[in-house]
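I opened my notebook on this one to jot down what I looked up, entry by entry.

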Amino acid sequence: WNGMLLNFNGTAGIWRRAAILDPRVGGWSGDTITEDLDLSYRAQLAGWRIVYTPLVAVPSEVPAEVNALKAQQRRWATGSMQTARKLLPMVWRAPISWIQKADATIHLTQYCVNVFMVLAIAFGRLLLELVPDERAHPFLAWTWIPCVMAAGASWSAYLYGRWSVREPMVGPVRLFKLILLGLGLSVNNTIAVIEGVFKRGGEFVRTPKSGARGEASAARPPGAPYRALRS
């Protein structure tokens with residue numbers, strides 16, 4: 001809707017064959033374990049556009065248990081970093097706006113936040129013990145602002161997502177659980193990020209499915225324009 005680069009959703013999406021076979025795109029590639037993310041970025045950089053249609057409801061399934069969620073997040077984190085390593089130079093050379101380039105950089109490297117979460121947990125208390133109070137207090141006087149902003153990023157995006165599809169808001173208990181879930185996955189995702197930085201390709205570990213199905217619904221977000229997929 002706002003012209004930023006995004007990833008194709010492999011669960012509920014349709015590709016135009018011409019986009020994949022376009023010589024400017026380069027076709028399907030297996031050098032990352034998030035092939036859909038890799039291909040969708042290359043297609044958009046070649047001039048193709050993705051259309052998100054909220055009015056089309058497709059039942060899909062979230063991981064049913066913790067190990068399945070960890071496997072899914074590990075694959076996404078590793079593959080995102082592999083794609084970032086592969087395509088960010090291309091993104092920054094592309095004739096797109098600097099806002100699109102910055103957004104794409106944040107999008108592809110978003111899992112790096114897990115590394116900083118682990119470092120903060122591992123060394124935060126130690127630094128408070130080692131740094132003299134007269135030096136720590138001026139630093140803490142302003143660093144709490146980005147810390148609060150970072151802590152609020154996940155639940156604010158979650159609430160905006162629910163609002164955009166006209167779902168009811170949720171209470172603070174669920175938001176607190178969301179934050180705890182992110183903390184719990186941070187070590188798993190940090191290891192995956194490191195693998196993505198240094199490893200090329202890898203095994204595609206499929207997310208286990210339980211076969212559960214729920215009610216599907218979709219609503220058009222306020223002010224969302226629709227555009228035909230075009231080159």
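**Entry 1: around helix 2**

For helices I took DSSP runs of H or I with at least four residues, and for strands runs of E with at least two, numbered from the N terminus. This is a predicted model, so I kept in mind that local features need pLDDT of at least 70 and side-chain atom pairs count only at pLDDT 80 or more, while totals for chains, interfaces and linings use all residues. Residues are numbered from 1 along each chain as its sequence is written, and side-chain values use heavy atoms, with hydrogens and water left out.

Buried here means under 20% relative accessible area, exposed over 50%, and partly exposed in between (1.4 Å probe, protein chains only). I noted L37, Y41 and A43 among the buried ones. Helix 1 (17-21), helix 3 (66-93) and helix 4 are what these buried residues pack against.

**Entry 2: confidence and overall layout**

I checked pLDDT, the predictor's confidence in each residue from 0 to 100. The chain has a mean of 83, and 91% of its residues reach 70 or more. Helix 4 (residues 98-108) has the highest confidence, at a mean of 95, and helix 6 (residues 133-164) the lowest, at 82. Over residues 216-231 the pLDDT is below 50, yet beyond near neighbours in sequence this stretch has 43 contacts in the model. A contact means heavy atoms within 4.5 Å.

I found seven helices and zero strands in the chain. The C-alpha trace spans about 65 × 40 × 35 Å along its principal axes.

**Entry 3: cores**

Next I looked for nonpolar cores, which are sets of buried Ala, Val, Leu, Ile, Met, Phe, Trp, Tyr and Cys residues joined through side-chain atoms within 4.5 Å. The largest has nine residues: L5, L37, Y41, A84, L87, L88, V91, A104 and L108. Helix 3 gives the largest share of this core, four residues. Leaving out residues up to four places away in sequence, L87 touches D38, Y41 and R42. Another core, of six residues, lies apart from it and includes A19, V25, A43 and W48.

**Entry 4: Q82**

I followed helix 3 to Q82. Q82 counts as buried, at 1% relative accessibility. A polar atom of its side chain lies 3.0 Å from the backbone nitrogen of I33. Among the residues Q82 touches, not counting those up to four places away in sequence, are D31 and R200.

**Entry 5: salt bridges**

How many salt bridges does the structure hold? I counted six, each a side-chain nitrogen of Lys or Arg within 4 Å of a carboxyl oxygen of Asp or Glu.

D31 pairs with R200, with the closest N and O atoms 3.9 Å apart. D31 sits in the loop between helix 1 and helix 2 and R200 in the segment after helix 7 (172-198), so the pair ties together parts 169 residues apart in sequence. D31 is buried at 16% relative accessibility, whereas R200 is exposed at 65%.

R125 and E129 also pair, at 3.1 Å between the closest N and O atoms. They are four residues apart in helix 5 (residues 113-130), about one helical turn.

Note on methods:
A polar contact is a pair of N or O atoms within 3.5 Å; within protein, one must be able to donate a hydrogen and the other to accept it, and residues adjacent in sequence count only if both atoms are side-chain atoms.
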